[in-house]
Amino acid sequence: MEEETDNIKLLKRCTTFSLGGVGYSGRISNTEKAFKSLLKRDDAKEIFTDILDDEESKSGGKLYVLLGIRWKFHDLYDERLPEFLSSSAMAEVTHGCMHLTQPMSKLAADIKDGKYDFYQEKEAVVIDR
């Protein structure tokens, strides 16, 4: 339970959105690990709604949540997407070794267009030979 609380705090405080290996070492960020852990919970929708509604939540965490609700909670995604697409806020994003500041609306459009769907965990396919 404490680990899950820590994951929620980490996501709320996250200022940088990044998926996949980042930085010179190409490691997965602790925030991405926290996000994927929370995504698997039965109460993920409630947790994500709380993060979106919390005025203290940072842009990076909110972008992770937007991605998560796109993948899993389509009704909530359809409801919340417009606020991201119309946002004038800027957000930090890391792609590999590149750290950029981009409009939140552009990153939300990238999520909408499926740019980050590659990072969604898929079930392994076993081919019987």
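Three strands of the predicted model form an open sheet in the order β1-β2-β3 with mixed pairing, where strands are DSSP runs of E with at least two residues, helices are DSSP runs of H or I with at least four, and both are numbered from the N terminus. Two strands are taken to pair if DSSP finds at least two bridges between them. The edges of the sheet are β1 (16-18) and β3 (98-103), each of which pairs on one side only, and the twist from one strand to the next averages 35°. Because the model is predicted, local features need pLDDT of at least 70 and side-chain atom pairs count only at pLDDT 80 or more, whereas totals for chains, interfaces and linings use all residues. Residues are numbered from 1 along each chain as its sequence is written, and side-chain values use heavy atoms, with hydrogens and water left out.

Strand β1 and strand β2 (residues 90-95) run parallel and are joined by three bridges. Within this pairing, Thr 16 has Glu 92 of β2 as its bridge partner, and Phe 17 stands opposite Val 93 in β2. Glu 92 has Thr 101 of β3 as a bridge partner, while Ala 91 is partnered in β3 by Gln 102. The strands β2 and β3 form a hairpin with two residues between them, and Gly 96 in the turn has a positive phi of about 60°.

Strand β3 also contains Met 98. Met 98 counts as exposed because its relative accessibility is 52%; the cut-offs are under 20% relative accessible area for buried, over 50% for exposed and partly exposed in between, with a 1.4 Å probe and protein chains only. Although Met 98 and Val 22 are 76 residues apart along the chain, their C-alpha atoms are separated by 8.3 Å.

Taken as a whole, the protein chain has six helices and three strands, and from the N terminus on its elements follow the order α-β-α-α-α-α-β-β-α. Of its 129 residues, 43% count as buried. Among the contacts of the protein chain with a separation of 6 or more, 63% are between residues 24 or more positions apart, a contact being heavy atoms within 4.5 Å.

The packing of two helices was examined next. Two packed helices are described by the angle between their axes and the distance between the axes. The axes of α4 and helix α5 (residues 74-85) come within 7 Å and cross at roughly 145°, where axes are lines fitted to C-alpha atoms, for helices over the stretch in contact, and angles run from 0 to 180 degrees between N-to-C directions. The contact involves Lys 62, Leu 63, Leu 66, Ile 69, Arg 70, Trp 71 and Lys 72 of α4, together with His 74, Leu 76, Tyr 77, Arg 80, Leu 81 and Phe 84 of α5. By class, the contact of α4 with α5 comprises eight nonpolar, one polar and four charged residues, with Ala, Val, Leu, Ile, Met, Phe, Trp, Tyr, Cys and Pro counted as nonpolar, Asp, Glu, Lys and Arg as charged, and the others, Gly among them, as polar.

In soluble globular proteins, nonpolar side chains tend to be buried together. The largest nonpolar core has 31 residues, and those with the most contacts inside it are Phe 17, Phe 48 and Ile 69; such a core is a set of buried Ala, Val, Leu, Ile, Met, Phe, Trp, Tyr and Cys residues joined through side-chain atoms within 4.5 Å. At least two residues of this core are supplied by each of α2 (30-39), α3 (44-53), α4, α5, β2 and α6, and the largest share, seven residues, comes from α4. Leaving aside neighbours within four places in sequence, Ile 69 is in contact with Phe 48, Leu 52, His 74, Leu 76, Tyr 77 and Arg 80. Helix α2 is mostly covered, as seven of its ten residues are buried, namely Thr 31, Glu 32, Ala 34, Phe 35, Lys 36, Leu 38 and Leu 39.
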